[in-house]
Amino acid sequence: MDLHSLVKDIRSWAVELGFDEIGIADVDLSSVSADYREWLRCRFHGEMDYMEQNVEKRLSPDVLLPGTIRVIAVRMRYASYAPRSTGDQSEAYISNYARGRDYHKVVRRRLARIARKISEVAGGNHRAFTDSAPVLEKPIAQKAGLGWVGKNTLILHPDAGSCFFLGEIYTDLPLPTTSEPVQDQCGSCIACINSCPTGAIVGDGRIDARKCISYLTIELKGTIPMELRPQVGNRIFGCDDCQLVCPWNRTTPEPHESDFAPRDVLTERPIKELLEWSEEDFLRNTEGMALRRLNYSQWVRNLAVAAGNAPYDLLLVSGLGSKRMEMLARDDSICVEHIDWALDRQVKANDDSRRCRK
């Protein structure tokens with residue numbers, strides 16, 4: 001069959017389903033193998049043990065899905081950046097990508113529909129992924145012409161910035177690959193490196209996840225290091241700082257996918273209000289969202305750190321005290337320790353405020 005015509009059809013189906021762009025890459029990822037293995041050797045992945053599992057499957061798509069010779073890569077934008085920043089420190093900050101419906105559900109379901117269409121038209125074996133298997137999404141996206149890997153390790157595109165989700169379809173069809181990759185246009189800019197609150201960007205295109213606020217508030221299950229807590233600020237799920245300052249995010253298109261619209265229940269909410277949520281409240285209000293990557297203990301832990309960085313508020317102190325009793329009853333020593341830290345910070349903030357008034 002005419003594979004060039006098939007690619008046009010795939011692109012048309014993707015646009016109909018809300019994707020902004022597709023590209024096609026071969027499965028040779030040997031150029032990133034050494035860097036990835038060195039990143040693991042440096043333990044920059046922290047407690048994300050899954051990153052060091054199935055390494056060969058990550059580096060060789062045809063090992064993950066035998067017979068794969070091409071990867072169809074897609075992107076779908078979720079936000080535009082004339083964004084709100086962390087703003088009012090008494091309000092909890094949730095990363096832009098996580099304020100609406102869980103992208104895993106949206107993107108993968110639609111990719112699966114495209115995979116089925118390809119099977120109906122051309123046969124073959126095809127499988128859809130969205131951050132759901134050992135797949136090196138960003139090197140694949142770069143090979144497929146969806147952008148370049150920026151200094152903050154995100155895929156950047158001159159027309160779309162970095163505020164989009166990625167997805168892939170592995171296929172055994174010999175589709176024509178994208179002929180012109182997007183050239184790296186970061187130049188000498190180091191805005192993302194300078195803006196990282198914890199200094200997690202340790203080189204051009206390399207992150208020490210152990211310092212990254214997204215890792216600390218989402219992936220890390222245990223104790224957030226004491227020395228990094230002040231830099232976490234009011235961020236309770238993820239961090240957007242390296243994207244907020246990126247010049248390529250100054251004029252990006254508005255997202256057209258309503259599923260990613262922010263939910264009111266989690267938009268500009270005071271930390272003290274969210275501390276009042278029970279576990280049942282948390283589960284109900286975050287249903288179908290990426291926030292469900294957190295368990296209730298992590299949720300409370302993150303709110304406690306945000307509370308410790310917030311301006312002094314007697315009602316916030318009261319809320320911390322009540323939550324401390326709840327977590328004591330649950331025998332959650334990690335949450336209790338973070339709450340105690342927050343209470344101590346609130347006391348110091350009150351003392352500082354009094355001294356300034358004298």
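How accessible is Arg-324, buried, partly exposed or exposed? At 25% relative accessibility, Arg-324 counts as partly exposed, where buried means under 20% relative accessible area, exposed over 50% and partly exposed in between (1.4 Å probe, protein chains only).

A note for all views: this is a predicted model, in which local features need pLDDT of at least 70 and side-chain atom pairs count only at pLDDT 80 or more, while totals for chains, interfaces and linings use all residues. Residues are numbered from 1 along each chain as its sequence is written, and side-chain values use heavy atoms, with hydrogens and water left out.

**View A. Arg-324 and Asp-340 form a salt bridge.** Their closest N and O atoms are 2.5 Å apart (a salt bridge is a side-chain nitrogen of Lys or Arg within 4 Å of a carboxyl oxygen of Asp or Glu). This pair links distant parts of the chain, with Arg-324 in helix α14 (residues 314-329) and Asp-340 in helix α15 (residues 333-357), 16 residues apart. Helices (H or I, at least four residues) and strands (E, at least two) are DSSP runs, numbered from the N terminus. Asp-340 is partly exposed too, with a relative accessible area of 31%.

View B. Arg-284 meets Asp-281 at 2.8 Å, N to O; the two are 3 residues apart in helix α12 (residues 279-285), about one helical turn. Arg-210 pairs with Asp-208 at 2.9 Å between the closest N and O atoms. Here Asp-208 is buried at 5% relative accessibility, whereas Arg-210 is partly exposed at 34%.

**View C. Aromatic rings pair up, with 13 such pairs in total.** Rings of Phe, Tyr and Trp (its six-membered ring) pair if their centres lie within 6.5 Å; planes under 30 degrees apart count as stacked, over 60 as edge-to-face and the rest as tilted. Tyr-103 and Phe-165 are stacked, because their centres are 4.3 Å apart and their planes at 10°. Tyr-103 belongs to helix α5 (residues 103-122) and Phe-165 to strand β7 (residues 164-171), 62 residues apart, and both are buried. Trp-148 and Trp-248 are edge-to-face, with centres 5.7 Å apart and planes at 80°.

**View D. Arginines sit over ring faces.** Arg-99 lies over the face of Tyr-93, 5.1 Å from the ring centre, and Arg-229 over that of Trp-341, at 5.5 Å. The rule asks for NZ of Lys or CZ of Arg within 6 Å of the ring centre and within 35 degrees of the ring normal.
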